Amino acid sequence: MSEVPAGLHYTASHEWARPEGEQVVVGITAFAVESLQDLVFIELPKLGDEVRRGERFGEIESVKAVSDLYSPVDGSVVAVNEALANDLDRLSRDPYGEGWLIRIAPRTSLPEALAGLLDAAAYRRLIEQEEHGGG
Amino acid sequence: MSAGVRPGQAGGAGQGPPPELASRTIFEESRPGRMAVSLPEPGVPSPGAEALLPAWARRAVPPALPEVGELQLVRHYTRLSQKNLGIDTTFYPLGSCTMKYNPRLNEQIAALPGLADIHPYQDPDQVQGALELFYELEQLLAQLTGLEAVSLQPAAGAHGELTGLMCIRAWHVSRGEAARRTRVLIPDSAHGTNPASVTLCGMEAVPVRTADNGRVHLADLERKLDERVAAFMITNPSTLGLFESELPAMAERLHAAGALVYLDGANLNAMLGVIRPGDLGVDVMHVNLHKTLSTPHGGGGPGSGPIAVRSFLEPFLPVPRIVRGEDGRLRLETDRPQSIGRVKAFLGHAGMVWRAYAYLRAHSGRDLAGVAKHAVLNANYIRVRLRDHYEVAYPGMCMHEVVLSARRQKRLGASALDIAKGLLDRGFHPPTIYFPLIVPEALMIEPTETETRETLDRFCDAMIELAELAARDPEQLRQAPRTLPVRRLDEVRAARQPVLRWRAEPAPADRPPLAEGDACAAASAGVPATR
């Protein structure tokens, strides 16, 4: 079972969101990284870009496939992890730490921005279902 | 396969070229002055290039063509071909690609001098027979699809998608609706080419979810259907190998909302001669001649992706159109003000037209439906033989391909990739893996109609053996392939730092250089080096 840290918020499309002050740090989960296998390319937004919950903010390519990245919250991009462009191993190694993708200033208050996202237990159930099937 | 080039296999010495020779490029085989043909002295005065061509049209440096003898040349390319797994040597169940046998009759027809030796710049009056084949193939494809007009220009399936979308867009432009109709709805199981074609056409791809039964999620489609939608792009049977039985109802909803229905015809093999997509409400579709109609696929192409449309879209089809005049002769018509223009040089890939025509004529009537029925039967045979060993992605009958999931094996330590590599060692081309994206550890198997039951059984036996190996010794599977000229390739490096052209190494003292500059300049022979 992939690591699913408590205290983070999750999307069904395998992004995580971590509140820091009034902002939200966004990345993809260990399950996503393991499913993608070897990563080869990432495209992230520019500073100041507007992102919306459930809409695409970038893409990630592995030897298997190209996948869209979906924003967990509405807001604007205030920081981008530029280091990933040359070193995607950071993301494979540490998806919840130095493999973070972007930092977002939410358009609304923090509780409002994060409402409706999955907690760790709910996300764990989701990936269990994906791993063990039934669908 | 020459045994000597198989790493990890004992006893191969003397049975083939040593590995370093087997992997040499033709440029490395080259020696100055060696040649395959000795041309006689010309019997007429030869003034030389300087007298015949202006300075800008002459190369400054001769092209760095490899210099080899005929036998060397034959051996080099024969060796390369032996490293390849192809439909002529191997069962090739590459899902979604319809790697069916390319009948030799097609090749005989395409090689007829009246077809092989004509030139696209010839006057239409001199090539009426060839044009007749274009014209008749258009009619045959119209019959097959249940649509009214056909263009044979697009060079491949994705090119057909783009051409079809451009026609749809032109239709919306003609109705003054193009500005607001910028969205194309696409199921999340679709081929990646669908959203790519939409984007290239300047529109926005909007994904529609897949329901639990593997079909388009009707409520999600309804939710996304508004006046911004230009078209719905659907694949039927879907990439999950499932028949979209609700397509007529969906098409009705789309039409009521002022949008059109595009069918990705990649999976037409499952419906050939049984169902006409036009009867399901489709307005535009492409037909992959290199899949469904047995023309060569992959490296052996080129592909060909004709589109078929309803009559109200005909004015937008690419020019020139082949039309029959009152005198019964065929001519090329270019004066079509609403046309999207030309999408390909001349009339498309003519050689594929001859082959597809031969195939359709050879399989006329009932026979053609037999193609679809056997393709579906073969896929279901594999599904039933493997369903206790692998998870089947969606329950029930499949169409021409079956999508399995190696989730169970993944938990034991061997992924879909490892199983694919294991199949290589057992003499099979692997199925498509990790597609469709919505199925984890997907193995997408499309046997086609041209395989015997014995071949299907050998393949299923190998798949079952691999499932057992995944349970018993997954590490062994992670080491596959062991019997091929190369083992696991560094896919990450190939993607991040691709080496796209070969360059001559500094020549050793006993080997004079081939020529100045890049050996790959040979590829641009005839292009002026300076101007």
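Of the 135 residues in chain A, 36% count as buried, a residue being buried if 20 or more other C-beta atoms lie within 10 Å of its own, exposed if 12 or fewer, and partly exposed in between, with C-beta atoms placed from the backbone. This is a predicted model, in which local features need pLDDT of at least 70, side-chain atom pairs count only at pLDDT 80 or more, and totals for chains, interfaces and linings use all residues. Residues are numbered from 1 along each chain as its sequence is written, while chains are lettered from A and ligands numbered from 1 in the order in which they are written.

Chain A contains four helices and nine strands; here helices (H or I, at least four residues) and strands (E, at least two) are DSSP runs, numbered from the N terminus. Their order along the sequence is β-β-β-α-β-β-β-β-β-α-β-α-α. The C-alpha trace of chain A spans about 35 × 35 × 25 Å along its principal axes. Its radius of gyration is 14 Å, which agrees with the value near 14 Å for a compact globule with 135 residues; the radius is taken over C-alpha atoms, and the globule rule is 2.2 Å times the number of residues to the power 0.38. Among the contacts in chain A with a separation of 6 or more, 64% come from residues 24 or more positions apart, two residues being in contact if their C-beta atoms, placed from the backbone, lie within 7 Å.

Chain B has 17 helices and 13 strands. The radius of gyration of chain B is 26 Å, close to the 24 Å that the globule rule gives for 531 residues, so chain B is as compact as a globular protein of that length. Its C-alpha atoms fill a box of roughly 75 × 70 × 45 Å, taken along the principal axes. In chain B, 40% of the 531 residues count as buried, and 69% of the contacts between residues at least 6 apart in sequence join residues at least 24 apart.

Where the two chains touch, 10 residues come from chain A and 11 residues from chain B. The side of chain A that touches chain B has three nonpolar, three polar and four charged residues. In this classification Ala, Val, Leu, Ile, Met, Phe, Trp, Tyr, Cys and Pro count as nonpolar, Asp, Glu, Lys and Arg as charged, and the others, Gly among them, as polar.

The buried residues include B:Ala416, B:Asp418 and B:Lys421. They pack against helix 13 (407-412), strand 12 (432-433), strand 13 (442-445), helix 15 (453-472) and helix 16 (474-478) of chain B. Just after helix 14 of chain B, B:Gly427 takes a positive phi of about 85°.

Helix 14 and helix 15 of chain B pack at an angle of about 130°, with their axes 10 Å apart. Axes are lines fitted to C-alpha atoms, for helices over the stretch in contact, and angles run from 0 to 180 degrees between N-to-C directions. The two helices are therefore oblique to each other; angles under 35 degrees count as roughly parallel, over 145 as roughly antiparallel, 65 to 115 as roughly perpendicular and the rest as oblique. Helix 14 of chain B contributes B:Ile419, B:Gly422 and B:Leu423 to the contact, and helix 15 of chain B contributes B:Ala462, B:Leu466, B:Leu469 and B:Ala470. By class, this contact has six nonpolar, one polar and no charged residues.

B:Ala480, in the loop between helix 16 and helix 17 (491-496) of chain B, is buried, with 23 other C-beta atoms within 10 Å. B:Ala480 and B:Lys421 are 59 residues apart in sequence and 5.4 Å apart in space, C-alpha to C-alpha. Leaving aside neighbours within four places in sequence, the contacts of B:Ala480 are B:Asp418, B:Lys421, B:Gly422, B:Leu424 and B:Asp425.

B:Arg34 sits in the loop between helix 1 (19-22) and helix 2 (49-52) of chain B and is exposed, with 12 other C-beta atoms within 10 Å. Not counting residues up to four places away in sequence, B:Arg34 touches B:Glu67, B:Val68 and B:Gly69.
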